[in-house]
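Take a first walk through this fold.

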Amino acid sequence: MSSTGDDAAVGGRCAVHMPRAARTVTDLPRMGRFPAVQPGQPAIERLAPTSDLLGFRGPTACAAAGITYRQLDYWARTGLLEPSVRTAYPSTSQRLYSFRDILLLKIVKRLLDAGVSLQNIRVAVAHLQAAAQADLAGLTLMCDGATVYECTTPQQVVDLLKGGQGVFGIAVGAVWQELELTLGRLHAERTDTGETLVGHDPADELAQRRNRAV
């Protein structure tokens, strides 16, 4: 049974150190593109997975973040990380997650795996949600199993390591690039029209070419 994080040990007073100065913003390449309309229709516009015009349903968010639907549902119901595009209310609607939401889901999963308490994870998530999306790419999160530290420069990482802290690190920019590539292969939904967009998977295209050659 997969852990939802609710059984994580709660440490002492939450101490998440998040320095705000000297941010480094990395201009990441746009690796995935979504068609603007359904296949077979004449369209040349393609949207990046990071576009505000795209949302991702629960199963897609789970696949991209590497979590179970039980974890996704529990975190949404307890307020740890709710979808910012569309919630499950009214009950007839489906949750819709943004690129940023899924990025944070991946980070939460990695922090839980590193043994960080749920209490500290909640504070870290709230801080990352308040930050500008462009700033996230330049961050490295370091943690020692109890405390989470935000580093914006390589020197800050070195200083933590010299002090015997930060035994586990998450380069948010690397997670960003990985997620952008993954979501580019999965289905998305346009937030303005509600239409379903089919991701582009090079492996599927290669298989289709091989089938045509047989």
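The paragraphs below go from the overall picture to helix packing and then to individual positions.

This is a predicted model, in which local features need pLDDT of at least 70, side-chain atom pairs count only at pLDDT 80 or more, and totals for chains, interfaces and linings use all residues. Residues are numbered from 1 along each chain as its sequence is written, and side-chain values use heavy atoms, with hydrogens and water left out.

The protein chain has 8 helices and 9 strands. Helices (H or I, at least four residues) and strands (E, at least two) are DSSP runs, numbered from the N terminus. Of the 214 residues, 42% count as buried. Buried means under 20% relative accessible area, exposed means over 50%, and partly exposed lies in between (1.4 Å probe, protein chains only). Now look at the contacts in the chain with a separation of 6 or more: residues 24 or more positions apart account for 68% of them. Contact means heavy atoms within 4.5 Å.

Start with helix α2, residues 69–77. Gln-71, Leu-72, Trp-75 and Ala-76 are buried there. Seen down the axis of α2, these buried residues fall within an arc of 125°, so they line one face of the helix. The arc is that of the directions from the helix axis to the C-beta atoms. The general rule is that an α-helix has 3.6 residues a turn, so residues three or four places apart point the same way. What do the buried residues of α2 pack against? Their partners are α1 (58–65), β4 (96–97) and α3. After α2 comes Gly-79, with a positive phi near 80°.

Pro-83 lies in the loop between α2 and β4. Pro-83 is buried, at 7% relative accessible area. Leaving aside neighbours within four places in sequence, Pro-83 is in contact with Ala-76, Arg-95, Leu-96, Tyr-97 and Asp-101. Take Tyr-97: Pro-83 and Tyr-97 are 14 residues apart in sequence, yet 4.7 Å apart in space, C-alpha to C-alpha.

Next comes α3, which meets two other helices. α1 and α3 pack at an angle of about 45°, with their axes 9 Å apart. That makes α1 oblique to α3. Angles under 35 degrees count as roughly parallel, over 145 as roughly antiparallel, 65 to 115 as roughly perpendicular and the rest as oblique. Axes are lines fitted to C-alpha atoms, for helices over the stretch in contact, and angles run from 0 to 180 degrees between N-to-C directions. Ala-61, Ala-64 and Ala-65 in α1 meet Ile-102, Leu-105, Lys-106 and Lys-109 in α3. By class, this contact has 5 nonpolar, no polar and 2 charged residues. Ala, Val, Leu, Ile, Met, Phe, Trp, Tyr, Cys and Pro count as nonpolar, Asp, Glu, Lys and Arg as charged, and the others, Gly among them, as polar.

The axes of α3 (residues 99–113) and α7 (residues 172–183) come within 10 Å and cross at roughly 120°. α3 and α7 are therefore oblique to each other. Among the α3 residues in this contact are Phe-99, Ile-102 and Arg-110, and α7 contributes residues including Val-172, Trp-176 and Leu-183. The residues of the contact divide into 9 nonpolar, no polar and 4 charged.

Thr-60 is found in helix α1 and is buried, at 15% relative accessible area. Beyond its neighbours within four places in sequence, Thr-60 is in contact with Leu-183, Leu-186 and His-187.

Move on to strand β8, residues 188–190, where Glu-189 is found. Is Glu-189 buried or exposed? At 6% relative accessibility, Glu-189 counts as buried. Its contacts beyond four places in sequence include Leu-53, Arg-57, Arg-86 and Leu-96.

Finish with helix α4, residues 118–130, which holds Asn-120. Asn-120 counts as buried, at 6% relative accessibility. Gln-129 is also found in α4, but counts as partly exposed, at 38% relative accessibility. Not counting residues up to four places away in sequence, Gln-129 touches Leu-81, Arg-100 and Leu-104. Gln-129 and Leu-81 are 48 residues apart in sequence and 9.4 Å apart in space, C-alpha to C-alpha.
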